[in-house]
Amino acid sequence: MEISSSALRLPFLFLLVPLLLFFLLSPWNPLHNLSGGGDSAGRRAQFPPKSLTSISPPPAEPRSPPRRDHNSATARNPLDPLTVGEIHRVRSILSSYQPFLRHFPSIQSMSLDEPDKSRVLGWKSGDPIPSRKAFVIALLDNQSHLLTIDLDSGRVETHEISSGSGYPMLTMEDVVAAVQTAVSYPELEASAAARGLSVANLSCISPSPGWFGPDEEGKRILKVLCFSKQGTPNFYMRPLEGLVMTVDVDRREVLQFSDTGKGIPIPGRANTDYRFRPGNKPPEMERINPISMEQPRGPSFTVTDGHLVKWANWEFHLKPDQRAGLVVSRVVVRDSETGAARSVMYKGFPSELFVPYMDADEGWYFKSYMDAGEFGLGATAMPLVPLNDCPRNAYYMDGIFVSADGQPFVQSNMICLFERYAGDAAWRHSELTVSSGEARAKVTLVARMAASVGNYDYTFDWEFQTDGLIKITVSLSGMLMVKGTVHDNMNQVQNQDEMGPLVSENAIGVVHDHFITFHLDMDVDGPNNTFVKVNLVKEENVEGKTPRKSYLKPKRHVAKTFHVVNPSRMSRLGNPSGYKVVPGGNAASLLDHSDPPQLRSAFTNNQIWVTPYNRSELWAGGLLVYQSHGDDTLDVWSQRNREIEDRDVVLWYTLGFHHVPCQEDFPVMPTVAASFQLKPVNFFERNPILTARPVFEEDLPVCRPSESASII
């Protein structure tokens with residue numbers, strides 16, 4: 001039977017940085033940049049030379065990674081994303097498709113329709129690529145069309161009109177249309193003038209509306225909120241409180257205009273600018289000199305055919321995705337004893353994000369965002385910043401996505417790949433009876449993607465260690481979404497608990513949560529796995545042969561669990577091969593299960609779920625999330641009570657953050673992160689990096705600073 005676990009629910013709250021989930025009119029890459037110099041798909045990535053005679057000083061400005069020619073790229077792996085040529089072919093097929101001859105639909109998303117898992121697992125490099133297919137979600141006449149297109153035959157293979165609740169992911173064109181409709185509405189000009197502003201002084205954004213009942217049925221709507229951009233690029237700190245417009249996206253019509261906050265001042269612009277300028281006053285601290293990890297022989301990883309990553313004892317497929325952002329697939333690790341490649345995971349990616357705000361006011365109650373399914377993590381990814389997001393010698397990967405008219409566009413440098421060394425040890429030991437200690441440097445490989453969804457930035461790291469461990473980290477930064485208030489000091493507030501914390505004059509930081517649910521298709525030594533619960537229980541020393549009164553003892557049984565094992569693969573000592581989930585700091589949703597936002601995000605009712613593999617069950621909030629009712633979620637699938645023992649199973653894990661804002665979050669929040677680990681358990685016969693070579697002085701060049709360090 002399918003299972004879930006609330007075992008990670010904690011009796012206290014982690015006050016961590018937030019992850020606001022609504023969409024800003026950010027500069028998505030337009031329909032260009034489809035050609036340029038540099039590597040093209042199918043070629044091995046060119047890294048720095050394997051020898052080094054001198055070390056040059058870093059350039060004055062970070063160098064941008066080279067652009068790649070995507071026009072000539074071809075798929076080399078069954079899991080490779082759609083190429084530019086394939087996207088053009090899909091559009092051509094749909095343009096001549098009979099149901100769309102009268103009017104070409106809006107393409108809400110287009111992605112690879114992956115081959116059956118068994119075919120992918122049986123494929124080897126050099127084999128013919130299985131038939132390439134595209135999965136398209138299109139909108140026409142307010143209906144969601146789900147189509148599978150066979151690229152080899154050039155025909156539409158399946159076509160279904162969705163009968164469930166919910167709409168597809170929004171496009172940039174949807175967002176632009178909603179904001180243009182709102183800013184041309186006459187009453188907005190009057191509301192702006194009442195605050196001493198003109199419409200030209202405003203920046204308006206379009207958060208998703210959630211779903212709150214039948215009044216919102218039968219039409220796609222967006223909420224539009226406005227801010228003053230006078231004197232600052234950080235307009236999020238200057239809301240026109242109480243002003244909310246509801247827009248029919250398709251009819252381009254303002255359905256409702258509400259302005260209940262004309263007496264609330266707009267927070268000031270002082271100290272809101274977050275950009276670096278040479279004349280900025282630095283913080284009162286001693287200067288930190290530049291630091292960089294040098295690799296005199298270049299990186300140790302390779303990227304072949306654009307997506308196949310090989311590093312140390314790891315190999316995996318890495319690709320961008322318009323909805324999930326970053327997807328890792330076919331993750332295998334080499335056995336330290338035999339050298340054999342052993343499967344760990346078939347596919348892993350962030351499946352959904354849920355961010356509810358804890359304010360029931362008219363202008364706030366609907367703020368309960370689901371970023372992946374409403375706006376797309378890949379679609380909102382911005383180019384990573386060399387030397388600051390990613391270190392020198394990082395490898396960058398572009399995303400090739402699709403706009404509403406079916407044309408491809410490039411999301412440049414949205415993923416980076418790099419090796420990390422922070423001075424930590426992979427293992428160490430010193431002994432009094434031995435003259436010297438032993439230690440091994442810990443070097444890891446990181447695949448990184450950052451999504452800038454409106455005012456919030458989330459960075460996703462998949463970090464691979466040579467001991468077989470995979471660490472998944474989500475880091476949060478960006479701006480708060482603040483609520484305007486007449487108060488500029490907490491001593492003016494009689495009931496402080498009801499109002500929420502002031503983070504600046506006339507600006508309240510509204511309490512909210514962030515939940516990120518990961519889809520982890522674990523294939524530990526093959527598809528058929530079992531979830532095993534390991535409890536630590538106290539045992540009494542009843543025999544009393546020693547002074548000890550109690551001790552801990554692990555007890556195992558097949559049920560709800562934190563271990564994924566393959567019962568058909570045993571170690572030499574008779575232990576089943578496995579991986580375990582190692583949770584970090586976490587938080588659970590405290591919303592009522594009947595609350596509309598929680599109905600839609602019922603996948604956060606538990607931190608851990610296990611379901612049998614189903615190729616159609618990818619998105620924890622359902623395929624069509626926008627304005628959905630919660631009738632196609634992970635919670636609904638789990639109620640089918642299917643068998644999971646010794647089956648191909650999928651593990652779902654949710655990271656959670658509670659955020660009670662504070663002044664340090666203003667005007668941009670310092671990064672805070674949470675993580676969990678997938679750790680081998682009896683997978684290897686012994687410590688797999690026991691015989692790893694230490695690093696010696698002669699392995700590294702001598703780098704001397706331009707000025708001698710002060711010694712006190």
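## Basis of the model

The model is predicted; local features need pLDDT of at least 70 and side-chain atom pairs count only at pLDDT 80 or more, while totals for chains, interfaces and linings use all residues. Residues are numbered from 1 along each chain as its sequence is written, and side-chain values use heavy atoms, with hydrogens and water left out.

## Helix H4

Helix H4 spans residues 186-194, and its buried residues are Leu188, Ser191 and Ala192. Helices (H or I, at least four residues) and strands (E, at least two) are DSSP runs numbered from the N terminus. Buried stands for under 20% relative accessible area, exposed for over 50%, and partly exposed for values in between, with a 1.4 Å probe and protein chains only. Viewed down the axis of H4, the buried residues fall within an arc of 100°, so they line one face of the helix; the arc is that of the directions from the helix axis to the C-beta atoms. Pro186 and Glu189 are exposed on the other side of H4.

The cover over the buried residues of H4 includes helix H3 (172-183) and the strands S6 (202-205), S7 (221-228), S8 (243-248) and S9 (253-259). Contact here means heavy atoms within 4.5 Å. Gly196 follows H4 and has a positive phi, near 80°.

## The second largest cavity

Three cavities of 30 Å³ or more are found in a search of the whole structure. A cavity is a set of points, on a 1 Å grid over the protein atoms alone, where a 1.4 Å probe fits but cannot get out; lining residues have an atom within 4 Å of a point. Grid points are joined across faces, edges and corners, and a volume is the space filled by probe spheres set on the points.

The second largest cavity has a volume of about 100 Å³. Its lining consists of 14 residues, of which Leu225, Pro239, Leu240, Glu241 and Lys367 lie nearest the centre. The elements that give two or more residues to this lining are S7 and S8, and S7 gives the most, with three residues.

## Aromatic pairs

The whole structure holds 22 aromatic pairs. Rings of Phe, Tyr and Trp (its six-membered ring) pair if their centres lie within 6.5 Å; planes under 30 degrees apart count as stacked, over 60 as edge-to-face and the rest as tilted. Phe518 and Phe676 form an edge-to-face pair, 5.5 Å centre to centre with 65° between the planes. This pair links distant parts of the chain, with Phe518 in strand S24 (residues 512-522) and Phe676 in strand S31 (residues 669-681), 158 residues apart. Phe518 is buried at a relative accessible area of 0%, and Phe676 is buried at 1%.

The ring centres of Trp637 and Trp652 are 5.9 Å apart and their planes stand at 55°, so this pair is tilted. Both Trp637 and Trp652 are buried. One aromatic cluster is formed by Tyr458, Phe460, Trp462, Phe518, Tyr653 and Phe676.

## Arg323

Arg323 is found in the loop between strand S12 (314-321) and strand S13 (325-334). Arg323 is buried, with a relative accessible area of 9%. Not counting residues up to four places away in sequence, Arg323 touches residues including Met169, Glu352, Leu377 and Trp619. Arg323 and Trp619 are 296 residues apart in sequence and 9.6 Å apart in space, C-alpha to C-alpha.

How values were computed. On a 1 Å grid over the protein atoms alone, a cavity is a set of points where a 1.4 Å probe fits but cannot get out, and a pocket is an open set with protein on both sides within 12 Å along at least five of seven lines; lining residues have an atom within 4 Å of a point.
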